[in-house]
Structure formats: C-alpha cells, structure tokens
Amino acid sequence: MKRMLSHPFVRKHLSQGMKFIVAGGIGSLIDLLSLTLLVEYVSLDPRIAFVCSSILGASFVFIVNKFITFGNHERKFAHQIFKFTMVYGVAIALNAALSTALHAVGLHYFISKLLAIGVIAIWNYSLSHGFIFKKKEKIEPAVF
C-alpha cells in the first residue's frame with residue numbers, strides 16, 4: 001500500500017483530488033446557500049434557481065481549480081473559460097435536470113440539489129483534469 005501511495009501518478013491525483021473536493025465543497029456551499037436565498041427570500045422558482053445558483057458556484061470553482069487545484073498559470077484564460085463553459089454548461093444542465101426530476105418526485109429542493117451535485121462531481125473532476133486545465137507537457141530534447 002505504501003509503495004502504491006508513493007507512485008507519482010497516485011500522489012498527483014490524490015493531491016489534486018483532495019484540492020478538487022475542497023474547492024468543490026466550497027463551490028457547493030456557495031451553490032446551496034445562493035439556492036436557498038433565491039428560493040426562500042427572492043421567491044424564485046426552484047427550477048430557475050437551480051441554474052442561477054449553479055452558475056455562481058461554478059464561477060468560484062473555475063478560479064480555484066485553475067490556480068490552486070491544478071496549478072495552471074498559463075495565460076490561456078479565454079481558451080480555458082471556453083472549455084470550462086462547455087464542460088460545466090453540460091454539467092449545469094444535467095444538474096438542473098436531475099435536481100428538477102428529484103424535486104418533481106417529492107424531494108425537498110435542497111436535498112434534490114445536494115444529490116445532483118454529488119452525481120455530477122465525478123464528471124467535473126475527470127474533465128477538469130484531463131481537458132480544461134491540462135498543461136502542455138514540456139518535451140525535453142533528446143540527447144545523443
């Protein structure tokens with residue numbers, strides 16, 4: 001087990017995974033708190049609030065994941081925002097659809113959203129790591 005945990009691939013994904021969970025957890029708190037505010041205090045329909053709160057949480061997650069989780073300081077900000085929007089746009093749509101479906105079958109809007117966040121998290125990590133914030137590998141010149 002110790003040998004497996006010391007492997008560079010495992011160490012990298014374990015470290016990134018933990019940071020992703022923390023960033024996602026805070027993003028989820030932003031999502032859930034804004035959802036509650038929008039539904040309870042602004043009287044917004046939960047179906048609309050699901051999307052609005054997701055956008056707020058995702059915006060926070062983009063910044064944290066770019067600079068902290070994946071340590072990507074490349075200046076391709078617009079390109080990464082485009083890819084992030086593609087990935088998280090689908091994630092937000094799936095999250096809203098799942099939240100709405102769970103709410104429609106009788107679950108409280110908050111519980112519906114919480115379950116949807118958990119399901120979509122795996123999709124988000126996989127594509128954030130391998131697509132959005134993937135760094136170009138530095139190729140060392142061959143020595144002859």
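Set aside the neighbours within four places in sequence, and S54 is in contact with D31, I92, N95 and K113. In this predicted model, S54 sits in helix α3. With a relative accessible area of 5%, which is under 20%, S54 counts as buried. S54 is also one of the α3 residues that meet α5.

Along the sequence Y88 and S54 are 34 residues apart, while their C-alpha atoms lie 9.3 Å from each other in space. Y88 belongs to helix α4. Is Y88 buried or exposed? Its relative accessible area is 6%, so Y88 is buried. Beyond the neighbours within four places in sequence, the contacts of Y88 are F20, A58, V61, N65, N124, S128 and I132.

**The overall fold**

Stepping back, the protein holds 5 helices and 0 strands, and from the N terminus on its elements read α-α-α-α-α. Of its 144 residues, 35% count as buried. If you take the contacts between residues at least 6 apart in sequence, 68% of them join residues at least 24 apart.

In soluble globular proteins, nonpolar side chains tend to be buried together. Here the largest nonpolar core has 12 residues: F20, A58, V61, F62, F70, F84, V87, Y88, I92, Y125, I132 and F133. Which elements give two or more residues to this core? They are α3 (46-69), α4 (77-104) and α5 (109-132). Helix α4 gives the most, with 4 residues.

F84 is another member of this core. Leaving out the neighbours within four places in sequence, F84 is in contact with A58, F62, G89 and I132.

**How the helices pack**

Two packed helices are described by the angle between their axes and the distance between the axes.

| Helix pair | Angle between axes | Distance between axes | Crossing |
|---|---|---|---|
| α3 and α5 | about 35° | 12 Å | right-handed |
| α4 and α5 | roughly 155° | within 8 Å | right-handed |

For the second pair, the axes of α4 and α5 cross at roughly 155°. That angle is over 145°, so α4 runs roughly antiparallel to α5. By class, the contact of α4 with α5 has 19 nonpolar, 7 polar and 2 charged residues.

Which residues in α3 meet α5? They are P46, F50, S53, S54 and N65, and on the α5 side they meet Y109, K113 and S128. Sorted by class, this contact of α3 with α5 has 3 nonpolar, 4 polar and 1 charged residues.

How values were computed:
Residues are numbered from 1 along each chain as its sequence is written. This is a predicted model: local features need pLDDT of at least 70, side-chain atom pairs count only at pLDDT 80 or more; totals for chains, interfaces and linings use all residues. Side-chain values use heavy atoms; hydrogens and water are left out. A nonpolar core is a set of buried Ala, Val, Leu, Ile, Met, Phe, Trp, Tyr and Cys residues joined through side-chain atoms within 4.5 Å. Buried means under 20% relative accessible area, exposed over 50%, partly exposed in between (1.4 Å probe, protein chains only). Contact means heavy atoms within 4.5 Å. Axes are lines fitted to C-alpha atoms, for helices over the stretch in contact, and angles run from 0 to 180 degrees between N-to-C directions. A crossing is left-handed if the near helix is turned anticlockwise from the far one by less than a right angle, and right-handed if clockwise. Ala, Val, Leu, Ile, Met, Phe, Trp, Tyr, Cys and Pro count as nonpolar, Asp, Glu, Lys and Arg as charged, and the others, Gly among them, as polar. Angles under 35 degrees count as roughly parallel, over 145 as roughly antiparallel, 65 to 115 as roughly perpendicular and the rest as oblique.
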